[in-house]
Structures are given as structure tokens and as C-alpha cells.
Amino acid sequence: MNEANIRRLNQLLNRYERYHCYQVILDELEQVLSTSRRNVSIILKNLSDLEWIEWRPSVGRGKASQLIIRSSLSDALQQVLKEELKQGRFQLVTRLLELYGATTVNALALATAAQNDWNEANSALLITHYPWVDSLDPQRTVRHAELHVIRSIYDTLLKQNIEGKLKPSLAHDWQMEGDMLTLWLRPDIQRHDGKILSASDVVWSLKRLQGEGPVVHLFEQVESVSASSPTQVEIQLKRANTLFPYVLAMPHASVVCPEVIHFDDKHCYHCGTGPFRLHHWNNEHLVLKRHEYYFAESALLTQITLSHADEKLANVMSFNQGEGATETTMLSAFSYLTYNQRAQAGIAEEDWHTLFTYLEQRKGQYAPQRAVSGLCSQSEISLISSLAIPQLHGTLVLAEPKWTLPYLQATADWLHQAIRATGLTLQVLELTEISHPESVRAEADLLLIEEVIESPLEYGVYEWLLIASGLRFVFTEHEWRMHHEKIAAAVAADNPIEGLADIEQALYQHRRILPLFAGKEAITKAQQVKGIQVKKTGYSDFYQLWIGEPQR
């Protein structure tokens, strides 16, 4: 079933009525279908196989054959659309909407309802507008949409509970003594390819994290990794670091196996052990299948298809969906500006210092409940009732990602307005490679970013200082080395948070970073879903999703 078959049926419907028996000759059909005699025979056979028409060819040249049109354009569209929805494909859906307009819209509504019912009966989920997925390598991405999938196909050695305390995962026990961390793996963990996870798999996975990627600085403190037995892994650190075990609970530290599963030239992934295995992946969709031999609690859905439908389809695809069960989690977020002193800057450094002071005071007027002086120091911001706006000259280039949350867009709009009020010309540059903020270093003077701060706060500050996007945007290699030495010394001390707080404050005092806002955000995530979901994000971990009747 494809666009060509739909087009050919429509040509016949423009000439012949449904259910009427016509005696036709091939010469006539050549004109109706605007094609050759040979193609006419192929087309009619294809439409007959789809049971859209009845075709009884005559024997002998020039004799009449019998043609009956059985299917309407709407019925045929519905049949095609249902198959496309079942496969999570939307390129043809978009094309049919362009060609047949309202007829396709009506057929799509019926096909969506039918496929939704089938999905629910089979514990399958289709998310039609999931964000684009480029990489499923934990080492190489910081994008939330990609990490969401990564948490479904891989496991970490340790996990965190709701209070942020560590708990077992692939490792059922661990022990930190000085600069040595020992982990004991669960026995008989089955990988997606049916093999048993070994300590050598874990060693290979941890070693590759020392190579490159946006979180490489978290693993530079590792001196060596070795397997002392088939189920025991030892990690030798360069210095003692009581915070390091938390690193192993982050999705970036997910254990990937050396074997690579290829789907095409562009899409592949390392074999994992997670609650879902990656069944298929191409430019249109990504299909997750439940890992039936998962070592922990099994996923509730058998299959999840993540498609990248055209944005224009969002309204067309929307259909009535009651709100199901949700979970609310608290997210610690921190937004800030980073200053990049570059040779081609259109603003003098002293003007940045003036702007820094102005924005530092102005943020308290904009959002007094969220304005902060830093992560470790949550001291109250002094409110200034009357604030003189400095008059500055020059051009400032501000890089920022595309905001998807309304409050972040509002924050960015406020900042743009505050900067322009000083007389500066502001150019906003979109940061398209969120995992590589250094990609805009040569073009931008400032980077506006918001990042999640992990629990507990002591670890969150430590992780932020090592992999913050703002620091990767501005630091040279020499600055990174000096920065790491300070962090290593801080975490080796008896009270790491004191040293980490000093490092953080130095960044603000030197006006490299301007802290803006922080706070706890209540994030509501869907747990109970329908067979077809249109919204992009806002889901619990995929293995926690379940299908049921919506709440009324």
C-alpha cells in the first residue's frame, strides 16, 4: 500500500461509481489512468490484491473486461493510514494530507482510533511526536529526550532513591575504601543478545567513558578499572573521592556492551541490559521491545514506538484523551549566564562588568523568589526599589538553546529586554548542539543555560563544576586542567562541600558566571497512557508506563 495505489484508485473513482459493474477495455483504462497498457495490468492487479476493486480480465485483445470499484477513497486511506500508524511511519501520512485534505483528516481520525484500540489491547504505545533522536550513546549526549531512551535500554551500576541516596542496580553491593571502589555484580544478568553480562563488559564500558564526550571530566579521575573476578569490578581513583559512587548512578555511566547492533548506515547501538531492547531504528521511528528476561521488575508495556511526525500533524492527530494517572517529581534547576571574552567581541570587558552588576541587581526585581547568589549559597537577594539603567554601547551575541518550557522562554525574554534596555544591540544565536556548547564559542559572548542539579546537593555541585555547559562553553584546556586540580583537592578533603563552594564563588567573583535563578520545580509526568499519545514529552521512565482507562 502506497501513495501510488491511492492515486490510481482515486483516478478510477473520478470516472466510475462504486459497486457498479463496468465492462471496459484496456484502451479506455489507458486513458483513465494516463499510463501504458502494460502498467494498466500491473495497477489493476495491485488494486485487486488490496481488495479495493474487482477485476476480471477478458481473454483476447479488444474484448471487454469486468471492473467493480469496491473501496471508497476514505476507506482506502483509512486502511493505508492504519498500517502507517502501526509501523510508526508518518512521511506518507503527511503526503496524503497534502494531497487529499479533509478526506485524509477524517480517515486519519478513524485510523487513529482503531490503532489506539489495537495498541491498548496489545500493551503497545505509539508516541507520535517524540523529539528527534540522534544518538543513544550515553557517552555522547546530554539531551533529555535521548537520555530518556537511554534509561530504558541500559542500566547503571547503582541507582538513587527518591531522597537521592544510593541503592543497588547492576551491582548488588559496593564498598569505598580510600581511593578504591569495589563493586559486586548481580550474577546471571541477561543482555539483550541473550548472553550473560560479565565484569569484563562493565570494565570495557567504564574505560570508554574516559575517552571523550560532554561528561568525560567526570571520569578523568579514574586511574584504572579492572575485573578481579567474573562478578567483581575494582575502580582505582587518582585520589580519594567519596562522591564518585554517585557518578555511577547517572545515565551517562550506563553500562554498554562492546557488541554493536546495526539497523542501517546511520543507526546503531551498543547492546545493553535494560528493561527494553532496541528493536528497530531509522529516520522515521524508533521501536523498543520489552526485554523479557530483565533482571529487575519487568516493563509494563510490550512495545513502545517513538515517531518523529511533522509538527503540522500535531493538531490533526489530536483526539480526545482523558488524563490518566501521573507522578509528580521535584526537579532542582539552576539557570545562569557565562561570559566568553573573545577577540572579536562587540562589547568591551568593562561594559560586561557593568552589565553583570546591573543584571545581578535586576534579577531580584524580576523573580525575587527564585533569584539566587549561587548553588551553595542560597542567600536572599537584596531588592532595590529604584535601579538606574546603565547606558552601554556595542553589540552582544547571546547563545541559548531553543526553549521548550514556558517559564524558561519567559526568563529568556526578560533577559533580552533587560540587555536591550541598556542600549546594547543584542543578537540571539540558537545553540543547536546542546551537547557541545563549545560549538558557538567563536561566535557568542554569552551563553544562557538552565541545568538540572542532581541530589544530594554536595554531589550536584560537584557534577555541575565538572560538566556544566557554561564552563565547557568558555574554558580553555589549560583552564580546565587548573579547574580539575582544585576540584580534586576539594573532594579529597574531609568536608568536600566547603572547597566546592569556594571554587563556585570564585567563578562568580571573576565574573565568568552570573547566577540567575534556582529552585524546585514540580514536574508532573504521565504514567498511565493511551495506545497512541500525541504530546512530545512529559512521560515517566518508559518501563513505568502502563495502559488503562482514563480518569473521568
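Reader: How many aromatic pairs does a search of the whole structure find?

Author: The search finds 16 aromatic pairs. Rings of Phe, Tyr and Trp (its six-membered ring) pair if their centres lie within 6.5 Å; planes under 30 degrees apart count as stacked, over 60 as edge-to-face and the rest as tilted. In general, two numbers describe such a pair: the distance of the centres and the angle of the planes. Here, the ring centres of Tyr-246 and Tyr-459 are 5.5 Å apart and the planes stand at 25 degrees, so this pair is stacked. Please keep in mind that this is a predicted model, in which local features need pLDDT of at least 70 and side-chain atom pairs count only at pLDDT 80 or more, while totals for chains, interfaces and linings use all residues. Residues are numbered from 1 along each chain as its sequence is written, and side-chain values use heavy atoms, with hydrogens and water left out.

Reader: Which parts does the pair of Tyr-246 and Tyr-459 tie together?

Author: Helices (H or I, at least four residues) and strands (E, at least two) are DSSP runs, numbered from the N terminus. Tyr-246 belongs to helix H8 (residues 244-247) and Tyr-459 to helix H12 (residues 457-467), so the pair ties together parts that are 213 residues apart in sequence.

Reader: Is Tyr-459 buried or exposed?

Author: Buried means under 20% relative accessible area, exposed over 50%, and partly exposed in between (1.4 Å probe, protein chains only). Tyr-459 has 0% relative accessibility, so it counts as buried. For an edge-to-face pair, look at Phe-475 and Trp-480: 5.2 Å from centre to centre, with 85 degrees between the planes. Phe-475 and Trp-480 are both buried. There is also one aromatic cluster formed by Tyr-154, Phe-263 and Tyr-269.

Reader: Which ring does the charged end of Arg-370 sit over?

Author: A charge sits over a ring if NZ of Lys or CZ of Arg is within 6 Å of the ring centre and within 35 degrees of the ring normal. Arg-370 has its charged end over the ring of Phe-517, 4.8 Å from the centre. Lys-86 lies over the face of Trp-118, 5.2 Å from the ring centre.

Reader: Let's turn to strands. What joins E9 to E10?

Author: Strands of a sheet pair through backbone hydrogen bonds, either parallel or antiparallel. The rule used here is that two strands pair if DSSP finds at least two bridges between them. Strand E9 (residues 222-229) and strand E10 (residues 232-237) run antiparallel, joined by 6 bridges. A hairpin connects E9 to E10 through 2 residues.

Reader: What is the order of the 5 strands in the open sheet?

Author: The order is E13-E14-E15-E4-E22, with mixed pairing. Strand E13 (276-281) and strand E22 (532-533) stand at the edges with a single partner strand each, so one side of each lacks a neighbour in the sheet. Inside this sheet, 5 bridges hold strand E14 (residues 285-290) antiparallel to strand E15 (residues 303-307). Leu-286 has Leu-306 as its bridge partner in E15. Ser-307 is also in strand E15, and it counts as buried because its relative accessibility is 0%. Ser-307 and His-285 are 22 residues apart in sequence, yet their C-alpha atoms are 4.3 Å apart in space.

Reader: Now the backbone. Which peptide bond is cis, with omega near -10 degrees?

Author: Most residues other than glycine have a negative phi, and most peptide bonds are trans. The bond from Ser-455 to Pro-456 is cis, with omega near -10 degrees. Pro-456 sits in the loop between strand E19 (446-452) and H12.

Reader: Where does Tyr-19 lie?

Author: Tyr-19 is in the loop between helix H1 (3-13) and strand E1 (22-24). Although not a glycine, Tyr-19 has a positive phi of about 65 degrees. Its relative accessibility is 51%, so Tyr-19 counts as exposed. Asp-188 is not a glycine either and has a positive phi of about 60 degrees. You will find Asp-188 in the loop between strand E8 (180-185) and helix H7 (199-208); it is exposed, at 64%.
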